[in-house]
Amino acid sequence: MALKLPIYMDHNATTPVDPRVLEVMLPYFTEKFGNSASRNHEFGWEAEDGVKLARRQVGELIGADPKEIIWTSGSTESNNLAIKGVADMYKDKGRHIITAIHEHKATLDPCKRLAKMGYDITWLEPGADGIVTAAQVAEAIREDTILVTIMWANNELGTINELPQIGKVCKEKGVLLHTDATQAVGKIPVDVNAAGVDLLSGSAHKIYGPKGAGFLYVRRRKPRVRLTPIIDGGGHERGMRSGTLNVTGIVGLGKACELCRLEMVEETARLLKLRDKLDHGVLSQLEHAVINGKADQRLPGTTNISFPYVEGESMMMAIKDIAVSSGSACTSASLEPSYVLKALGLGDEIAHSSIRFGLGRFTTEEEVDFTIDKVVTAVKKLLELSPLYEMVLEGIDINAIEWGAH
Amino acid sequence: MSLYAEVGEEPQPRNDWALRIRAHENKPNTGVRIMAYSEKVLSHYETPRNVGSLDKNAKNVGTGIVGAPECGDVMKLQIQVDDSGKIVDAKFKTFGCGSAIASSSLATEWIKGRTLDEAMAIKNTEIVQELSLPPVKIHCSVLAEDAIKSAIHDYQEKNGLDHGDHDHN
Ligand SMILES: Cc1ncc(COP(=O)(O)O)c(C=O)c1O
Ligand code: FES
């Protein structure tokens, strides 16, 4: 089969809805359109049944009781609810929160807002491998710490933090642990009890479900976590998140979780093979290319590779048939360099062109081969054009040069 | 287009591209849009003119290097000048976006065959116009103008020529 261009290699940004997910959603738009909160007629019951099944499906994927799932609009909202909700509910216990500098904006910004409101935030810095360790968390916990929020897997690097271990530390110290598991749920085994997680955010559109649907797991026993809601109204979702439920989205999210659970073993093996092929194909042909983040502690389908001495935007232009996400582009054009890559301590000439490849359920080997080929050709061409690379070949240390500003 | 019917009718096998391919059918394959580049930028980017290096130690060669890696752009532009003060060859290498590559490629094309004074007079606005650069890309053209001037200065300095008149600040 001929390749269809462009090729989608950005599954960490979002995923297409799996046709099997769409199929179960469709009746809820037209026939089973009831409000799941309508208690006294068939339409409401039907919708409620769909939501109930979805709760079970999500619960099964993450090892939670269905009653512990709070529906939201996605991980941004889930993170906000978890972080701000805990901060407010437990403010009399303490006002110290621990997070990391390379979290998603949906965690960083709520924490920054809390900092403005007088909370004390500890910003952990990952090692050069992108990992936040349990030892770092243990060291940062204080008497007045009320929450640790550390993501399970990083969206830009695919690196997996020391999750069961961080959970253990938090349990020992009696501190609540929230984890933004948006990138981990459905891709690697996630069990809230085994990992000692008290709150967990997930989003449907990262796992072949629809956009605008997500959940927050909120532990009900040992300990029973309480939250101050952000959205007040009809008291839906145990009062933690009011608003008529997005039944179609929730039904899709449930089905998406079920598919991920049933196919995880097989799909992980398939993706690992493709991802490793991509890594190897690129790295073996490009001497200076490097993987960002701990290579053997990453999500199966994600890889982030730096191409030193090549600039990001020209790189994106050269591989325009491949939809990827670039860590960076020229700052002068007011495109921000990636704070995640900076957190790893990467030099500018390296951080300037890093590409995240996100393989997914529908990625084929053919597409991976095409990608390897395009990337290698593009980088070789751009190295040919690069004055920095020329200097390196001449043995000049480009970091020692005093560059003028312009 | 009825996605509904098609999806509902039969279960879709795994890894089935049908759905996506249908979604693509109605639109021409334009690739991924990163930024709207003009035809001319694309042409210079795809087949840059005068890529390479001249011997920077030669007396008749002037080298200009402008920009900085942390800004995401470094441009090296070199000129070879004959006895009559005419630029007979020009080469460039650029680390930067497509517009920066195009600007420097165009610059080398323009200065070849010109006198130093003529080359010195080239303004970045002419590059902007020729390549139809959008406002966020103007600085790429400024870089190219700076690179020309810097190469000329280097040549003049090497050869003990006065360039006070042409000094830009
Ligand atoms: C790690 C992480 N957290 C949060 C989000 C935000 O999720 P959503 O788009 O569901 O709000 C994303 C996705 O962009 C993500 O990758
Ligand atoms: S080189 Fe900076 S935007 Fe063009």
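What volume does the largest cavity have? About 230 Å³. This is a predicted model, and a search of the whole structure turns up 5 cavities of 30 Å³ or more.

Let me stay with the largest cavity for a moment. Its lining consists of 21 residues. Those nearest the centre are Gly186(A), Lys187(A), Tyr208(A), Glu267(A) and Leu271(A). Sorted by class, the lining has 9 nonpolar, 7 polar and 5 charged residues. Helix α8(A) supplies the largest share of the lining, with 7 residues.

That helix brings me to Lys255(A). Helix α8 of chain A covers residues 247-285, and Lys255(A) is part of it. Is this lysine buried or exposed? Lys255(A) has a relative accessible area of 19%, and the limit for buried is under 20%, so Lys255(A) counts as buried. Its side chain makes a polar contact of 3.0 Å with the side chain of Glu258(A). If we set aside neighbours within four places in sequence, Lys255(A) is in contact with Arg20(A), Val21(A), Val24(A) and Gln57(A).

The second residue for today is Pro387(A), in helix α13 of chain A, residues 387-393. Pro387(A) is buried, at 0% relative accessibility. Which residues does Pro387(A) touch, not counting those up to four places away in sequence? They are Val74(B), Lys76(B), Lys93(B), Thr94(B) and Phe95(B).

One distance to finish. Pro387(A) and Thr179(A) are separated by 208 residues in sequence, and their C-alpha atoms lie 43 Å apart in space.

Definitions and conventions. Residues numbered from 1 in each chain as written. Chains lettered and ligands numbered in written order. Predicted model: local features only at pLDDT ≥ 70, side-chain atom pairs only at ≥ 80, totals over all residues. Heavy atoms only, no water. Helix = DSSP H or I, 4+ residues; strand = E, 2+ residues; numbered from the N terminus. Buried < 20%, exposed > 50% of the residue type's maximum accessible area, 1.4 Å probe, protein only. Polar contact = N/O pair within 3.5 Å; in protein donor to acceptor, adjacent residues only side chain to side chain. Contact = heavy atoms within 4.5 Å. 1 Å grid on protein atoms, 1.4 Å probe; cavity = no way out; pocket = protein on both sides within 12 Å on 5 of 7 lines; lining within 4 Å. Points joined across faces, edges and corners; volume = space filled by probe spheres on them. Nonpolar A, V, L, I, M, F, W, Y, C, P; charged D, E, K, R; others polar.
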